[in-house]
Amino acid sequence: MITKNIKNTVLAFIAGCGLVTTTTSCSDFLDVLPMNEVVLENYWTEKKDVTSVVNGCYEALESSDVITRMAVWGELRSDNIIAGANVSNDFNELLKENILQTNDLCKWAKFYDVINRCNTVIYYAPKVQAIDPNYTEAEMRANIAEVSAIRALCYFYLIRTFRDVPYSSMPSIDDSQEYIIPASPFETVLDSLIANLETIKDDAVRRYYLDDSPNAYQNSSRITRNFIYTLLADLYLWKGDWDNTIKYCDMVLDFKRQQYQEALDREGNIYDIELFGDIPLILEKPAGTTSSGHVYNEIFGSGNSFESIFELYFQANQEQTNSWVNSYYGNNNNVLGNLGVPDLLMDQVPQGSNTIFRPKDCRAYESIEPSNSSYAISKYTRTEVSFNTQTVRAYSDLRLTSSRRAQADANWIIYRLSDVILMKAEAEIERGSDHWNNAFTLINTLNKRAHNVTKSQASADTLQLESFNSSKSDMLELLLAERQREFLFEGKRWYDLVRVSRREGNTSRLSSHAIEKYKTGKNVIKIKLSDPNYIYFPYAKSELKVNPLLQQNPAFNKGEDSELTK
């Protein structure tokens, strides 16, 4: 909830923090800073004040609490993840679908912290622009677009997780203001996010540096116009507006085609990017090489790749780290992290009898690795991987080599080009059978890339349309399967299942997928998931205490924990 505690944190942050690279703690300020409007008005006087707080919005978005919840909320309840080594009780309870409002992972305060920082910039930036001649209107509008997009992203995570949430576009800056507000319905928040982004989308920066600049990584580690277009496409997808989803996907795809052509004009030849149809994608096995893994190395190893649209940026020896990847996906000393991989994802893949991955699908070996009798998550944990899929009958045939990440400096990807391709494919499926061929071509583009089927083998298909086009349900299963393969462990799978459940008006498809990872107790979990309210998370006990206007999700307002809502 937007409480005075959050407000005070923001005020202290404004006075004492601000820059992404700041290493000084702000905790001391909380006790000594006079929290009043005079301090704020004295702070917001020039351009650098706005820049500092904008940077702080990114810093808050990169906090361990936020990234952990991005991943947990979008992944743990899905069929992608099981308990690994020494998993904490909060994680273990989620993995067992035993979700109580006392679980710390249900807390959303850090997301509202980010939101309030963004609201504060939006409120004060015009005031600064009016008094600082060095702060132009175009810069102000770009800053407002930047933080509006960050705010929208946070609310998008919240509504996908909790459904109905408190929504405010005003900052908490005055003790006389009342910020105890009821939850707004999912659809109301969704429409508000779309309406706001539509008004500011073209104010954002297209790119901050040319692609051959040493600073070009900022084009995907800061909010750009293409990120807003992508976020709008996703919002429209959840709304069920297929035409606008496709419209914004095409705008991003057009920019990527332009970016690819610029690189060709500049360099004459690009050895590691190729057109799949008319979409430029990084090659698994670049020209002149014999080993696969280049897609992983560029997108997840190095980060800020050609295909990136927005990712949270970390670097070695930076005080703020991506502890989610380091602590829960395994590290240099422990391949199996606190979370593991169900057998259904990797068992017998090289032998050809796995139902999700085929033997030559590079994504299986880039994302998962054997760890004694279990399977470990390797996506994000390696800096580099190399293997050969020419002849695969056993895992050892890959002759796989890799370098493990020594520090918690993996970027966390929010959107990349694959998101755009598959969002457009999903919208095409929903438009009707006349558009299924378009959808299949987009899905097959990523599948072919993952199997090293390049333009020299343009007639070769790794999927067959005839296997899926007998019904819309089969086409959606194809889409969900490809999204699962492409986005393993990236915090998207549970949201995919929730989105389709909302659209279909029942949880049958979600339940059938989610229970596959369980070896026991499937019927009990299936009964829980049959309640459409249960596919969301409960409001945390702490939020119910500070905000009496919140009404607990009815799926969690019963049983041994029910007294917590009184």
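What you're looking at is a predicted model, where local features need pLDDT of at least 70 and side-chain atom pairs count only at pLDDT 80 or more, while totals for chains, interfaces and linings use all residues. Residues are numbered from 1 along each chain as its sequence is written, and side-chain values use heavy atoms, with hydrogens and water left out.

Let's begin with confidence. pLDDT is the predictor's confidence in each residue, from 0 to 100. The chain averages 90, and 88% of the residues score at least 70. Residues 1-36 are another story: pLDDT stays under 50 there, though the model has 79 contacts for them beyond four places in sequence (a contact means heavy atoms within 4.5 Å). Residues 560-566 also stay under 50, with eleven such contacts. Where pLDDT is low, the predicted coordinates should not be read in detail.

Now find helix 8, residues 137-162. Helices (H or I, at least four residues) and strands (E, at least two) are DSSP runs, numbered from the N terminus.

What about the inside? A nonpolar core is a set of buried Ala, Val, Leu, Ile, Met, Phe, Trp, Tyr and Cys residues joined through side-chain atoms within 4.5 Å. The largest one here has 164 residues, and Phe227, Trp324, Tyr329 and Trp412 have the most contacts inside it. Helix 8 supplies the largest share of this core, 15 residues.

Next, a pair of loop residues. Most residues other than glycine have a negative phi. Asn86, not a glycine, has a positive phi of about 55 degrees. It sits between strand 1 (82-83) and helix 6 (89-95), and counts as exposed because its relative accessibility is 72%. Tyr380 has a positive phi too, about 80 degrees. Its loop joins strand 9 (374-377) and strand 10 (382-386), but Tyr380 counts as buried, at 0% relative accessibility.

Last stop: Asn447, in helix 18 (residues 436-450). Asn447 is buried, with a relative accessible area of 2%. Beyond its neighbours within four places in sequence, Asn447 contacts Arg363, Thr462, Leu463, Glu482 and Arg485.

Technical notes
Buried < 20%, exposed > 50% of the residue type's maximum accessible area, 1.4 Å probe, protein only. Expected span 1.5 Å × (residues − 1).
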